[in-house]
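Let's go through a few structural labels and ask what stands behind each of them.

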Protein chains: 2
Amino acid sequence: VKLYSYFVSSASYRARIALNLKGIEYEYVSIDANKGEHLAAEYLAVNPQGLLPALVDGDNTLTQSLAIIEYLEETRPDPPLLPADPVERARVRALALVPACEMHPVNNRRVRNYIAEDLGHGRDGMISWVGRWNARGFETLEAMLSGNPHTGVFCHGDRPTLADVYLVPQVDVARRFETDVSPYPTVLRIAEACLELPEFQAAKPENQPDAPPS
Amino acid sequence: VKLYSYFVSSASYRARIALNLKGIEYEYVSIDANKGEHLAAEYLAVNPQGLLPALVDGDNTLTQSLAIIEYLEETRPDPPLLPADPVERARVRALALVPACEMHPVNNRRVRNYIAEDLGHGRDGMISWVGRWNARGFETLEAMLSGNPHTGVFCHGDRPTLADVYLVPQVDVARRFETDVSPYPTVLRIAEACLELPEFQAAKPENQPDAPPS
């Protein structure tokens, strides 16, 4: 198994967490998005979308972090990242889809750059843009998590699931772009619980081979 | 089964297509997002996220269109919206995730309004914004679809799948917001094939009970 990844890409971070939680060893192939390597011919031959991550498993190349993780769940079911019950699975997927569909796509690199540079809102405008959509998403997550009887040490019960795989990188994005996360205590408590696990620690941006020396 | 829907919401459109393809009869509950009903207390009690759609199945309320459709797939597997093989499932999911994660979230109502009004780019700026991200997404879809041996009458083979459920509403968004779709012939051919099916026709925005008279 080979993962095309960039240390600070939050979609790559999700895939790294999922691989670690499933105990799958993988080769790390760094694609430096800051240098535009994700749009170079070499990587476009792997993933024509030019987005990270991509996973190579034998003869197959998979793209889109959620499709990759659902594939890992189907081909390496143990330990599971989704509960067994369909209604509980839907809750876990809905929790993951808040970062996946409401937060990250509006705040990713190409959108940030377009807001700051092409639309001329500068760094301050970009920080405010990121903060706006992050805040909405975290409010939703806090509402879905706090007081729900399924919420445990982690988003759903006492084992990490797909929901945690998506939560932790989004909290990291919030910190990098100065979004105040203090109004979301359940989100923060769960992110901290996750980061006590070696599988999450090993997946952190600063622990990747392509991270700059601290 | 009850679906909280707004005729012109593309996430609602996806859920309607999936319900129709699975032959599930449902009660249509209109939430007029144009009048802000999605943010009123009555609907927030159903879905605290204030996003459409929401599906009520017995005692359970489900949110996020992808979580809803995966739930329908698990609880009503016939006819399937995903192939049996894990690699093929990953391809279908990745195709669905291009509209779900790269196009729709950047172009939905609240983001459009923020670009046009709060950031002061007006209607022209909003149309240009929508067009930019639509074009990127359709380019990706066209690259993933054209020339791939799995592409058939529909996105994956000769039966509609989750990928088609996501493709058709996004083409509708493109038309409403004046994105030129002519550079994407495979996308267009497949969307047209889908719309020949009664399950897609019945799900179209203009055929919903809350659509204005034409």
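Here are some questions and answers on the labels used for this model. This is a predicted model, in which local features need pLDDT of at least 70, side-chain atom pairs count only at pLDDT 80 or more, and totals for chains, interfaces and linings use all residues. Residues are numbered from 1 along each chain as its sequence is written, chains are lettered from A and ligands numbered from 1 in the order in which they are written, and side-chain values use heavy atoms, leaving out hydrogens and water.

Q: Why are H4(A) and H7(A) called roughly parallel to each other?
A: Their axes cross at roughly 30°. Angles under 35 degrees count as roughly parallel, over 145 as roughly antiparallel, 65 to 115 as roughly perpendicular and the rest as oblique, so H4(A) and H7(A) are roughly parallel.

Q: What makes up the contact of H4(A) with H7(A), by class?
A: Contact means heavy atoms within 4.5 Å. Residues of H4(A) including A:Val92, A:Leu95 and A:Met103 meet A:Leu162, A:Ala163, A:Tyr166 and A:Gln170 in H7(A). By class, this contact has 9 nonpolar, 2 polar and 1 charged residues.

Q: What makes A:Cys194 count as buried?
A: Buried means under 20% relative accessible area, exposed over 50%, and partly exposed in between (1.4 Å probe, protein chains only). A:Cys194 has 0%, so it is buried; A:Cys155, with 2%, is buried too.

Notes
Axes fitted to C-alpha atoms, helices over the stretch in contact; angles between N-to-C directions. Helix = DSSP H or I, 4+ residues; strand = E, 2+ residues; numbered from the N terminus. Nonpolar A, V, L, I, M, F, W, Y, C, P; charged D, E, K, R; others polar.
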